[in-house]
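Thank you all for coming; I would like to walk you through one structure today. Please have a look at it first, and then I will go through it piece by piece.

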Amino acid sequence: MFKAIKYDINKVLENDPAARNSVEVFLLYPCVHALIGYRIAHCFYKHKMFFMARLISQTARFFTGIEIHPGAKIGKGLFIDHGMGVVIGETAEVGDNVVLYHGVTLGGTGKEKGKRHPTLGNNVMVGTGAKILGPIKIGDNCKIGANAVVLKDLPANVTAVGIPAKIVNPSSGSKEKIININKFYAE
């Protein structure tokens with residue numbers, strides 16, 4: 001767990017030009033406090049100690065404004081910039097080196113059972129206020145614009161914006177790639 005926390009701190013230093021040093025990040029950054037709380041709560045959750053897991057996660061939420069369900073699966077290097085209002089649901093999965101800005105929701109669409117929250121690949125960036133809803137998959141290296149509402153899977157290496165979100169820049173400028181992405185959204 002300590003290696004993960006050290007990696008998380010280093011990702012904050014890498015992503016936030018206002019961060020001056022590791023001590024400042026460890027003591028003053030709510031995203032680090034939320035991740036420490038999450039990692040402890042997740043350990044309890046995996047051992048089926050659900051009350052203790054939720055107690056820890058709700059305490060972290062109270063102090064940071066960032067709600068991460070202890071059942072979520074989060075990789076290393078998550079950076080939540082200005083994290084107030086971020087919500088990560090129970091069955092959400094977040095890859096490595098993901099950046100979330102404030103007001104982001106990785107949520108469900110109703111009261112379904114089973115997998116009901118999104119899965120984000122590695123190196124994904126999610127803009128302020130974006131909502132990613134349902135058991136969808138967001139590919140590696142995607143960028144999601146501010147206030148976008150994503151309700152369908154996104155392939156890797158694309159940028160999506162709008163309500164509902166639409167792909168605005170396929171990774172390849174080829175006509176074939178654009179047609180394939182349009183077919184992807186026609187489903």
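This is a predicted model: local features need pLDDT of at least 70, side-chain atom pairs count only at pLDDT 80 or more; totals for chains, interfaces and linings use all residues.

Residues are numbered from 1 along each chain as its sequence is written, and side-chain values use heavy atoms, with hydrogens and water left out.

Let me begin with the sheet, an open one of 4 strands in the order β2-β5-β8-β11, with parallel pairing; strands here are DSSP runs of E with at least two residues, helices are runs of H or I with at least four, both numbered from the N terminus, and two strands pair if DSSP finds at least two bridges between them. At the edges are β2 (73-74) and β11 (137-138), each of which pairs on one side only.

Turning to helix α1 (residues 2-15), we find D8 there, and D8 counts as buried because its relative accessibility is 2%, where buried means under 20%, exposed over 50% and partly exposed in between, with a 1.4 Å probe and protein chains only. Beyond its neighbours within four places in sequence, D8 is in contact (heavy atoms within 4.5 Å) with L35, R39, K76, G77 and L78. The C-alpha atoms of D8 and K76 are separated by 6.4 Å, although the two are 68 residues apart along the chain.
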